[in-house]
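Subject: Structure handover

Hello,

The structure we spoke about is below. My notes follow it.

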There are 2 protein chains.
Amino acid sequence: MKNNKITSRADNFAKWYTDVVKSAQLAEYSSVKGCVILEPNGYAIWENMQKNMDKLFKDCGHSNVYLPVFIPESLLQKEGELVSGFAPEVAWITRGGSSVLEERLAFRPTSESLFCDYYKNKVKSYRDLPKLYNQWCSVVRWEKETRPFLRSREFLWQEGHTAHATAKEAQEETQRMLDVYKEFHERFLAIPVITGRKTEKEKFAGAEYTLTIETLMQNGICLQSGTSHYFGQKFAKAYDVKFLNEKNELDYVYQTSWGTTTRMIGAVIMVHGDDAGLVLPPRIAPKQVVIIGIGNVSEKVNEVYNTLKENNISVYIDDSDKTPGFKFAEAEVNGIPVRIEIGERDLAKNIITLVRRDTREKIEINVNENIAEVVEKLLETIHDDMFNRAKERMENRIYEARTLEEVNNIIENTPGFIKADWCGKEECELKYKEIHGIKSRCILENEKPLEGVCPVCGEKADKLVMWGIQY
Amino acid sequence: MKNNKITSRADNFAKWYTDVVKSAQLAEYSSVKGCVILEPNGYAIWENMQKNMDKLFKDCGHSNVYLPVFIPESLLQKEGELVSGFAPEVAWITRGGSSVLEERLAFRPTSESLFCDYYKNKVKSYRDLPKLYNQWCSVVRWEKETRPFLRSREFLWQEGHTAHATAKEAQEETQRMLDVYKEFHERFLAIPVITGRKTEKEKFAGAEYTLTIETLMQNGICLQSGTSHYFGQKFAKAYDVKFLNEKNELDYVYQTSWGTTTRMIGAVIMVHGDDAGLVLPPRIAPKQVVIIGIGNVSEKVNEVYNTLKENNISVYIDDSDKTPGFKFAEAEVNGIPVRIEIGERDLAKNIITLVRRDTREKIEINVNENIAEVVEKLLETIHDDMFNRAKERMENRIYEARTLEEVNNIIENTPGFIKADWCGKEECELKYKEIHGIKSRCILENEKPLEGVCPVCGEKADKLVMWGIQY
């Protein structure tokens, strides 16, 4: 629980990350290979993410559903690209009770096939559209390597699946949900994002195109933090999802899907954390404030606690028998946004001390001030400051490169997002991989190429692409 | 969507049930054998159940966690009774990606083994206790027969798993969570319950004892609606979960587990529903009020909508192009507790009509009345009335029987809960099964035997047992 358990970011960022995950008790390795346990502190962050994101989904008309975890192999195989994209990662159920199954069942790696199968039965006419459904569940992808929150064989996520009567509407939905993800990252996680379109190579298997939000960790490594896919009629044709349109003609529906995962917790750790541990953005912090009394001050501690609680601030009192110093350190490791210290001697002078987790700044206030108002404002300020610092850090690490040598220099010094022109050929895209495994993050559709020349082949380039090393 | 789709309860209760499930769009069969789809209307009820129950859990100190869905076979096998209890129902994952797994993995049928494995690493001393964890997830049991909400191969549930330093504390927890389930059923589902202890034959595999809440459907069939298990040190010994107690001695922890499932939605349907469809208890109804305007009244409709919304009443306007009659029927099928009809002619006379779903009673109010207050009170009244009617119905169907012939007569006429003495022998318990499959529901620990004589063997009986046919 103590700070000295945590490796510094400068010494070893990867070790720092796992130290924070363990010290803040967010997740624990399990004896199930490739799977982690989400502990109370980690799961509570996910609950807050769920609650707030779910509200954003519902505000734009989505409903939640729950579809089976099993997908019969024959159903999964109907869409060729999806299958070839996911086949190497699927876990198979082959026995139920004492009998061998006639057809093996996939543990859902994603649910396009099941939603199509469902829509096929429910959608008859344009009046049944749009279907705007979302599902919170766990999915399995048989990964080789595990890193808590970033990559594990089973993880929690939400997957939206929608069906529409027109291509235009479905494309608008694809963009809308990307915007929701962006808003969620900025407003709740205090994380700035880069948005764009995935290249053909990096898009979701089976999608016509994939939009993405990309975030930058403090070590300059990129994280794909949410994707929104437009399917056109591809899946509808594979799964035969037809409807009568307004002209009374049979047509296939137009579909989208979009998803975010517990990996966002990893982003929160690596965007905001410091050498003392976790730093939680106030709006998703399960506990926003901790009160620590020193000496005979329990009356005041309780009074402050009640005042904050009445004002819907998530607060707790650390009245354990640990020393104040230990309590301070623990609150820091756990990333509690505001620590209130009420000391006997300070109180005699009418002083209460507030300590910000993000800056560790101490703020002395008079006991007669409106503490709920002060704390509320402070939480807002902390959020804004965290976002602005993260934004500045990200912007300082967005580079422009005109040659592969420049790309290489950037990556070897201070990696980050690298803008470079691209001709559109996959062979040129792949060439970047040789430089420390760089991949394209997204095509920046609203920006013009730097020079209009591909740094790899020297040919004409009409696209500007963001490149980077990814988790 | 229309009433005439629904079979009457008197004609065929089982058909009525599936008709309601389909007409109210709660669940849909999927093409995955044995699994159903929870549709928006059904899943929204589960969300409300979750939200309210989760608050009750947290109010008594529980935290949520998420443990892997996979259980290695060797881990599952450590507790012999648990394995033999669940083995016939386990689904096995044998392949991951392209390779055959060295050890096959169970899809969790329940998570005692994983929680033990987790606690083993986390609990060192009495200071680490109690561990009060809960998990919301899906579980799989390879059932032969499927009935939406009541029985399916995959279902959603919550499973609480706690570890304590003393037997007393763990036993108190077992009782506390049963009380929470009882409170939840009464206060949110408006369903009265019978509580008691399962017989040795009916208890959870591996438990020292199992407490249960049992509910009665309108057709006199019983439903086990929630169970709470005391494990003593049985699992701790199997999984080696030790801690240093206050006397600095190594001891095994004392454990409990407790669970409820989406089956509660089935109970809501069968306790409250009528021949027109679903009747939802107001406190878990996703939509509590529907407003239907007739004629040129949109201004008033919007005004009422906004007033109710501001007062945190869950309300929607049905402004579709269907006829008022169709809208009324649809709101009835879906079980919306209160329907507000605003008609042009009524409005000219300053009248708005409220219709209760449970009694179908019409209440005319003056437009100048405080409508939010009226609706709030009406929702409370509906809840209370629904509970009282269900309670009266249940009490009218609690019988006493002194001979097996009496038991048989009751079951063949109007089945329900039957109280009869029991000597404690399993062979006598099994004898009931020959009468239309009757099983013991629970031992009524706070009640004295009727005569002190077992109706089966005629020997001394010191227990009073509740018997019934179960889903």
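Is the crossing of α1(B) and α8(B) left-handed or right-handed? It is right-handed. (A crossing is left-handed if the near helix is turned anticlockwise from the far one by less than a right angle, and right-handed if clockwise.)

First, the ground rules. This is a predicted model, in which local features need pLDDT of at least 70 and side-chain atom pairs count only at pLDDT 80 or more, while totals for chains, interfaces and linings use all residues. Residues are numbered from 1 along each chain as its sequence is written, chains are lettered from A and ligands numbered from 1 in the order in which they are written, and side-chain values use heavy atoms, with hydrogens and water left out.

**Helix packing in chain B**

Two packed helices are described by the angle between their axes and the distance between the axes. Here the axes of helix α1 (residues 13–23) of chain B and helix α8 (residues 263–272) of chain B come within 11 Å. They cross at roughly 115°. (Axes are lines fitted to C-alpha atoms, for helices over the stretch in contact; angles run from 0 to 180 degrees between N-to-C directions. Helices, H or I with at least four residues, and strands, E with at least two, are DSSP runs numbered from the N terminus.)

From α1(B), the residues Phe13(B), Trp16(B), Tyr17(B), Val20(B) and Val21(B) take part. They meet Gly266(B), Ile269(B) and Met270(B) in α8(B). (Contact means heavy atoms within 4.5 Å.) By class, the contact has 7 nonpolar, 1 polar and no charged residues. (Ala, Val, Leu, Ile, Met, Phe, Trp, Tyr, Cys and Pro count as nonpolar, Asp, Glu, Lys and Arg as charged, and the others, Gly among them, as polar.)

α8(B) is mostly covered, with 10 of its 10 residues buried. (Buried means under 20% relative accessible area, exposed over 50%, partly exposed in between, with a 1.4 Å probe and protein chains only.) Helix α8 (residues 263–272) of chain A also has 10 of its 10 residues buried. Arg263(A) and His272(A) are among them.

**Aromatic rings**

Rings of Phe, Tyr and Trp (its six-membered ring) pair if their centres lie within 6.5 Å; planes under 30 degrees apart count as stacked, over 60 as edge-to-face and the rest as tilted. By this rule there are 41 aromatic pairs over all chains. In one, the rings of Tyr119(B) and Tyr133(B) have centres 5.9 Å apart and planes at 40°, so the pair is tilted. This pair links helix α5 (residues 112–122) of chain B to strand β7 (residues 131–140) of chain B, with the two residues 14 apart. Tyr119(B) and Tyr133(B) are buried.

In another pair, Phe231(B) and Phe235(B) have ring centres 4.6 Å apart and planes at 65°, so the pair is edge-to-face. Phe231(B) and Phe235(B) are buried too.

Ring pairs also join Phe70(A), Phe107(A), Trp142(A), Phe70(B), Phe107(B) and Trp142(B) into a cluster.

**Two residues to look at**

Ala106(A) sits in strand β6 (residues 99–107) of chain A. Ala106(A) is buried, at 0% relative accessible area. Beyond its neighbours within four places in sequence, its contacts include Val69(A), Phe70(A) and Trp92(A). The C-alpha atoms of Ala106(A) and Val69(A) are 8.1 Å apart.

Glu299(B) is in helix α9 (residues 298–310) of chain B. Glu299(B) is exposed, with a relative accessible area of 70%.

Best wishes
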